[in-house]
Amino acid sequence: MAGLIKREDIDRVRERTDLKEIVDAFVTLRGAGVGSYKGLCPFHDERSPSFHVRPSVGTYHCFGCGESGDVISFLMKMEHTTFAETVERLAAKAGIELHYEDGGTGPDREQVGRRQRLLEANKVADEYFQSQLRTEGAATGQQFLAGRGFTFEHAAQFNVGYAPQGWDNLLNHLRRKGFRDDELKLTGLFSEGQRGIYDRFRGRLVWPIRDMTGATIGFGARKLFEDDPGPKYLNTPETQLYKKSQVLYGIDAAKRNIAKKRQLVVVEGYTDVMAAHLSGVDTAVATCGTAFGSDHVKIARRLISDDGTGGEIIFTFDGDAAGQKAALRAFEEDSKFLARTYVAVEPSGLDPCDLRQEKGPEAVVALIDSRRPLFEFAIKAGMKNFDLDTVEGRSGALRHAAPIVAGIRDSVVRPGYERELAGWLGLDQSTVHQAVQRAQRGAASSADARRGERRSSAGEDHRPDGDPAASGRPPGFQRPDARDPAARMEKEALEVVLQQPTLLSAEQWQAFYSADFKVPAYAVVHSGIRAAGMAGATPSQWVEQVRQEVPVELAPLVGELAVTPLPARTDEDLIRYCRDIMNRLFELQITHQKAELLGRLQRMGPAGDPAEFAALNRQLLDLEMKRRSLRARD
């Protein structure tokens, strides 16, 4: 019987798991100070990075949407798994044996999470298909690959496999591995008829489709035999794991190069991805039976760190009508990128696979190098629908092109395309400029109307910047005034204690515990830190324990304080900064105590008790000596 995982084992999992390594599988992170990283948030769409990760304390926080947590909560949210499933997966990866409360055990094969079973089934199927590619029965598949310039080594590099002819080869293999039919029905690997389930992929070359972590979540299969009544390409249907609008073939192999080069190349098919990578274009991916859409945009933007400081998305399409239509569909998503978007079309209509085979790998590289801005392609493609030899045709082409030019974000590039468009249409530049300005005004009015509709439908108020609700911060506490020096001092002290607890001496901890925080929200976090400290929280548990000690509405504030980059470039700077901040906090506390004592002296008056008067003066002197001692340490 399954039981609750013991707390000490959960803490060991947190301690032994590298948060940055886990987050790196989903988000491109860049340095943001000593021990701090940031990137585009995976939980909401944003244009500038506000998602911060602090591996040393095992926590992350997004300043945009308020999402916050540790490595366990991150994976739970990204992969939609339960707490126990997530801990068990991380424990297996770290080689940690889990123990359960009340003599319970971990979930057995019958009880394991559905998602994990689906992943296991896909993994076994992937290995089976690959093993079948070198058999005699796969001769047609081998010939297909060879005919496109791919060797066995190339097939192994991309894990290409073969689904043998027959109705139950994979089915029987998975049954022998212990999978039940009710589980297999959920994998997308099988179809169902009157006599039960049977292999979905038969007599086809098979490419595994993997997520960014490298887990196989589906397959794409290419038809090989003429008597196969199915489509040329057959993919896994929608399952719990496989959502075709949210996956990109080749992303697991390309993600690091995409992040490093800040370039993503979108090709049309599995063999095109292979050809591109083998030619040196190692940032190539492909959609899986669907157009490049908004979910793909989110993946791409996170990988290239699309924050307006560079990056490029390059689409390659066949030169035929279908390819042109696909390029124009891609253009519809262009406004969602800050990066430059391009299209590369081979003049003779060859795709990257055919191009590599006929003209060599250097031709594939040249194709990518020949890219043209996507908006230029969209303008020229649309102009083909008008007769430019007539006044009516030129007017229609201008109405088509003006909104595209108006949408060019680069204010330096836009006038250049106004001049180009005037030349293409044989019109005065002033006429084109006026049309573009009208299109800009129309777009702005439409955008304002859409924003108003969204606010109205959501019942939102207009909130000034800095308001908790406006920044995604949960309501329930007043955001401290950043202009208040005392509030800023308390905030900086909490950041140091949450992020660098091991740098504080015993004396500093004692002084911190006895400090009197004035800002209500910070005072609650201060109390949470005291409770976590008294509970004996270790560094690996530290932030998570503090988060559990505060009211739920303040948990995001703890996450924010735990990841805010500290202004230090080196370890020496960090030590000095932490020391200075704590000393300033203690000096501020001394100032408050002195003010209270001075107030009591004034209230005593001349008739006050001489002994009490002397005691108060001694306390004031002691406080002043402490203040001077702190100053001497700076």
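This is a predicted model: local features need pLDDT of at least 70, side-chain atom pairs count only at pLDDT 80 or more; totals for chains, interfaces and linings use all residues.
Student: What is the mean pLDDT of the protein?

Tutor: The mean pLDDT is 84, and 86% of the residues reach 70 or more. Over residues 107-112, however, the pLDDT is below 50, and beyond near neighbours in sequence this stretch has twelve contacts in the model. Residues 454-475 also have a pLDDT below 50, and beyond near neighbours in sequence that stretch has 22 contacts in the model.

Student: How many aromatic pairs does a search of the whole structure find?

Tutor: The search finds 21 aromatic pairs. One of them joins Trp167 and Tyr198, with 5.5 Å from centre to centre and 75° between the planes.

Student: Why is the pair of Trp167 and Tyr198 called edge-to-face?

Tutor: Rings pair if their centres lie within 6.5 Å, and planes over 60 degrees apart count as edge-to-face. The centres of Trp167 and Tyr198 are 5.5 Å apart and their planes are at 75°, so the pair is edge-to-face. Trp167 lies in the loop between β6 and α8, whereas Tyr198 lies in strand β8, so the pair ties together parts that are 31 residues apart in sequence.

Student: Which arrangement do Tyr233 and Tyr270 form?

Tutor: Tyr233 and Tyr270 form an edge-to-face pair, with 5.9 Å from centre to centre and 65° between the planes. Tyr233 is in strand β11 and Tyr270 is in helix α11, so this pair ties together parts that are 37 residues apart in sequence. Tyr233 counts as partly exposed at 32% relative accessibility, while Tyr270, with a relative accessible area of 4%, is buried.

Student: Why is the contact of Lys77 with Glu67 called a salt bridge?

Tutor: A salt bridge needs a side-chain nitrogen of Lys or Arg within 4 Å of a carboxyl oxygen of Asp or Glu. The closest N and O atoms of Lys77 and Glu67 are 2.7 Å apart, so the pair is a salt bridge. Lys77 lies in helix α3 and Glu67 in the loop between β4 and β5, so the pair ties together parts that are ten residues apart in sequence.

Student: Where do Glu495 and Lys491 lie, and is each of them buried or partly exposed?

Tutor: Both lie in helix α20, four residues apart, which is about one turn of the helix, and their side chains meet in a salt bridge of 2.4 Å, N to O. Glu495 has 3% relative accessibility, which is under 20%, so Glu495 counts as buried. Lys491, at 23% relative accessibility, counts as partly exposed.

Terms used
Residues are numbered from 1 along each chain as its sequence is written. Side-chain values use heavy atoms; hydrogens and water are left out. Rings of Phe, Tyr and Trp (its six-membered ring) pair if their centres lie within 6.5 Å; planes under 30 degrees apart count as stacked, over 60 as edge-to-face and the rest as tilted. Helices (H or I, at least four residues) and strands (E, at least two) are DSSP runs, numbered from the N terminus. Buried means under 20% relative accessible area, exposed over 50%, partly exposed in between (1.4 Å probe, protein chains only). pLDDT is the predictor's confidence in each residue, from 0 to 100. Contact means heavy atoms within 4.5 Å.
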